[in-house]
Amino acid sequence: MATRAEGGSGLSWLLWAIVAALGAIALGVIALSRGETINALWLVVAAICVHLIGYRVYGLFIARRVLRIDPARPTPAVRRNDGLDFVPTNRIVLFGHHFAAIAGAGPLVGPVLAAQMGYLPGTLWILAGVVFAGAVQDLIVLFVSTRRDGRSLGEIIRSEMGDVPGVIAMVGILAIMIILLAVLALIIVKALADSPWGTFTVFATMPVAIVMGLYGRYLRPGRVAEVSAIGFAGLLAAILVGGEVAASPIWAPAFTFSGEALALMLIGYGFVASVLPVWLLLAPRDYLSTFLKIGTILGLAIGIFIVRPELQMPAVTRFVDGSGPVFAGNLFPFLFITIACGAVSGFHSLVASGTTPKMIESEAHIPLIGYGAMLMESFVAVMAMVAASVLDPAVYFALNSPVALIGANAADAAAAVSSWGFAITPAALDEVARQVGETSILSRTGGAPTLAVGMAQILSDVIGGPGMMAFWYHFAILFEALFILTTVDAGTRVARFMIQDLAGTVSPRMRDTSNWTGNLAATALAVGGWGWFLYQGVTDPLGGINTLWPLFGIANQMLAAIALTLCTIVLFKMKRERFAWVTMVPLAWLLVCTLTAGWQKIFHADPRIGFLAHASRYSDVLGRGEVLAPAKGQGQMRQVIFNDYVNAALCALFIAVVLAMLVYGLRAIAAARRSQTPTAMETADAVA
Amino acid sequence: MPWRDVMKRTAQTARLMVGLPDYEAYLAHRRVAHPDEPALSRVEFHRDRTARRFGDSASRCC
């Protein structure tokens, strides 16, 4: 698309003029509609136009003028082609690979939570964030890594900034990984608690995956399509049987678990799954989750275009003042923390310095893959916002508010949500639950169930009608649970390697991955880390998501700040500082947001926001010898207080890491400025 | 692009999404660069890449 537009022929000018006009009209409709619902299509069209123009104008500007990509320069894939890791790959094929690697649960969950402030603030941040921050980071990190033989972010930080910043960044990345795994696991627990249909379906994926694994290992090795077809048939059967299980008075109780029980099971699963051979469970489920993810995203896009639903959520709700039930805190900075993936996600800097740079055929493909794939993820985030906003806002708040605020039965919940200005009857809440095949939809926080109800509403309008809503709901839950489980499993392995690598800097013996004691100890540490935060989240008085999602958002944005610091240094070292604002502007914004949010999470006087205020509230009550719900007994009270201090300490660690990286970054920039010649440590062209 | 090429590219994309590069391209590379050495069989290739995908680097996002 872009390469054809380069010529600037009459036709391409006309096309871009149409895109610009269409985008302007769509944004105009969104901006001028007040007090009436608008069609979701306007949001989608505005997003597509902003993405196309952002790519054409800003993405290509960065690639050509700032980075001066050189299509003639041999890439690592060409120089080091081995047919395995380094493989020159068609740009469209590689785009698909890169997109599949960056798109996960993040862009689906963040916008759903942010919808409590209305669809407008979140959508504007998704669009502005991706064009000026997220896609810029992905593009430049991909470029930097491609120029360095596809080395990883950690290695590049070590070589461009030094060993100490290298170790600091590694500690930061490990902490982020642990929080990420905890929050993802919490999303599954929240979606499956007291839901026999969902629980049965997700449990059933394990035997299905093992059958696939054995088939692919011994019967028909390497036949991905056959294995996946078998698995897909198994999944559909699991959803259908799950409906019967939920309806059965004998079987339903057997698959009904509390959040605590599911959390413990998931922790045990995480440990076992991450030491099993990958071909048995992880790889086959990876096929299913990857293909289902791509298929569902495509299906949702098609569904939105066919159904063209109206957005029921107001453009801006009164919860922009920070009093919202889904997450606490003002629009600034917490909106920009809540939506990380989809606008800017630091995690992508690990992916963009992973397998993709080793497969780039020509530097000319870097903008399409680095900038373009991130725009696509941003589009997924906009669709998630649409799915959350097509719901009746009262249903949205009933789904996403903790029990502490709306109570545990439909009558209390309807009264609470109605008192916020979103009128609904208890019968209407029960009816939604019945339609999606659940006993209750109250306080199903974490984003996944909300997205599933929204998707079920859209997809059942295309296929099956209201009678199919329960099927589509559980299909959506299954799709999210599958790829979250895959990430938990693969992420635990990565965290284990990181722990062994870090321990190796102290005692080299720990690095030996053939040493089973070391492997098991590191795995136990990794699982124990995320498991601890998961369990704390499940028992959290405010529902867990309220605590863990902001921590994850802060961590993810701080990783982006670290990556953008590195990109800025590289621009100075390349003597391209004239254009350093390209990375410094988003970097400054991320620093302002994350440092403010981090500070508020620790010190804010409101116990719903500040960890220390929350701890002192519980301490006061404990001091009087009383107990504050939902804690039962003094032991649990002490546990809540201890959790608050750990969370505050973790927040402080994130702040310290990012400030340390900033100081080292400034020193590296000063050194680069003193030098007369470029000092970037690129791999020489001559290396064969 | 002819239909068959579209199908081929789609299959290649799907395989690479789960960490499997193109086996034919690997063979072609071995024939040109290392004609005297044995190449991995399709099954060995598949096992090697599967193990690599879940090795020591973060290959996916949240």
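Colleague: What makes helix 17 (residues 366-389) and helix 22 (residues 448-462) of chain A a crossing pair?

Modeller: Their axes come within 8 Å and cross at roughly 80°. Axes here are lines fitted to C-alpha atoms, for helices over the stretch in contact, with angles from 0 to 180 degrees between N-to-C directions. Helices are DSSP runs (H or I, at least four residues), numbered from the N terminus. By the way, this is a predicted model: local features need pLDDT of at least 70, side-chain atom pairs count only at pLDDT 80 or more, and totals for chains, interfaces and linings use all residues. Residues are numbered from 1 along each chain as its sequence is written, with chains lettered from A and ligands numbered from 1 in the order in which they are written.

Colleague: Why are helix 17 and helix 22 of chain A called roughly perpendicular?

Modeller: Angles of 65 to 115 degrees count as roughly perpendicular, while under 35 is roughly parallel, over 145 roughly antiparallel and the rest oblique. The crossing is at roughly 80°, so these helices of chain A are roughly perpendicular to each other.

Colleague: Which residues of helix 17 make the contact?

Modeller: A:Ala384, A:Ala387 and A:Ala388, meeting residues of helix 22 that include A:Thr450 and A:Gly454. Contact means C-beta atoms, placed from the backbone, within 7 Å.

Colleague: How many residues of chain A are in contact with chain B?

Modeller: 44, touching 28 residues of chain B. Helix 5 of chain A gives the largest share of chain A's side, seven residues.

Colleague: How confident is the predictor in the complex, by ipTM and pTM?

Modeller: The ipTM is 0.94 and the pTM 0.95.

Conventions: Contact = placed C-beta atoms within 7 Å. Helix = DSSP H or I, 4+ residues; strand = E, 2+ residues; numbered from the N terminus.
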